[in-house]
Amino acid sequence: MAVRRIRIPDIAASAQEVELDGRLYRLVFRWNGRMQTWFMDIENGAGVPLLQSVRMVLNYPLTFGSDYKSDLPPGDFFALCPTDRARLDPGRDAFVNEDCIQLYYIEAGS
């Protein structure tokens with residue numbers, strides 16, 4: 001099973017290019033202070049939006065229900081707590097500590 005950890009920097013908005021299942025994507029992360037939650041956008045390598053405003057929730061496949069879109073990464077994204085201590089969806093500082101919540105991508109076919 002190929003699992004990839006995607007690091008989210010300690011800033012309220014960031015973007016990064018990542019290779020997932022052999023294709024280049026751009027992931028955009030935004031903290032929404034009013035809603036007190038993180039959102040993720042997925043763009044193709046050219047910056048064209050594929051899926052926007054995916055709410056990052058704990059222990060649930062983040063792109064579930066969007067698998068009909070063939071241009072999305074074919075695997076699954078999960079926000080998980082490796083120590084199993086987190087009980088709430090990711091807060092503003094959730095991705096800062098190594099033992100708190102982390103974003104993972106599980107490659108297709110894994």
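## A strand residue and its surroundings

Glu 43 is found in strand S4, which spans residues 37–44; strands here are DSSP runs (E, at least two residues), numbered from the N terminus. Before going further, note that this is a predicted model, in which local features need pLDDT of at least 70, side-chain atom pairs count only at pLDDT 80 or more, and totals for chains, interfaces and linings use all residues. Residues are numbered from 1 along each chain as its sequence is written, and side-chain values use heavy atoms, with hydrogens and water left out.

Is Glu 43 buried or exposed? Its relative accessible area is 11%, so Glu 43 is buried (buried means under 20% relative accessible area, exposed over 50%, partly exposed in between, with a 1.4 Å probe and protein chains only). Setting aside neighbours within four places in sequence, Glu 43 is in contact with Tyr 25, Arg 26, Val 28, Val 48, Pro 49 and Leu 50, where contact means heavy atoms within 4.5 Å.

Strand S3 (residues 23–32) and S4 pair in the antiparallel sense over eight bridges; two strands pair if DSSP finds at least two bridges between them. Both belong to an open sheet of four strands with the order S2-S3-S4-S5 and antiparallel pairing. Its edge strands are S2 (13–20) and S5, each of which pairs on one side only. On average, neighbouring strands of this sheet are turned by 20 degrees against each other, direction ignored; the axes behind this angle are lines fitted to C-alpha atoms, for helices over the stretch in contact, and angles run from 0 to 180 degrees between N-to-C directions.

Leu 51 lies in strand S5 (residues 49–55). With 15% relative accessibility, Leu 51 counts as buried. Its C-alpha atom is separated by 9.9 Å from that of Leu 27, 24 residues apart along the chain. Beyond its neighbours within four places in sequence, Leu 51 is in contact with Met 40, Asp 41, Ile 42, Thr 63, Ser 66 and Leu 72.

## Aromatic rings

How many aromatic pairs does the structure hold? There are four, counted where ring centres of Phe, Tyr and Trp (its six-membered ring) lie within 6.5 Å; planes under 30 degrees apart count as stacked, over 60 as edge-to-face and the rest as tilted. Among them are these:

| Pair | Centre to centre | Angle between planes | Class |
|---|---|---|---|
| Trp 38 and Phe 95 | 5.8 Å | 80 degrees | edge-to-face |
| Tyr 60 and Phe 64 | 5.9 Å | 70 degrees | edge-to-face |

Trp 38 in strand S4 and Phe 95 in the loop between strand S6 (76–80) and strand S7 (102–106) are 57 residues apart, so this pair links distant parts of the chain. Trp 38 is buried, at 1% relative accessible area, and Phe 95 is buried at 7%. Tyr 60, in contrast, is partly exposed at 43%, while Phe 64 is exposed at 61%. Trp 31, Trp 38 and Phe 95 form one aromatic cluster.

## The nonpolar core

The largest nonpolar core has 27 residues, of which Phe 29, Met 40, Ile 42, Met 56, Phe 77 and Leu 103 touch the most other members. Such a core is a set of buried Ala, Val, Leu, Ile, Met, Phe, Trp, Tyr and Cys residues joined through side-chain atoms within 4.5 Å. S2, S3, S4, S5, S6 and S7 each supply at least two residues of this core, and S3 gives the largest share, four residues.
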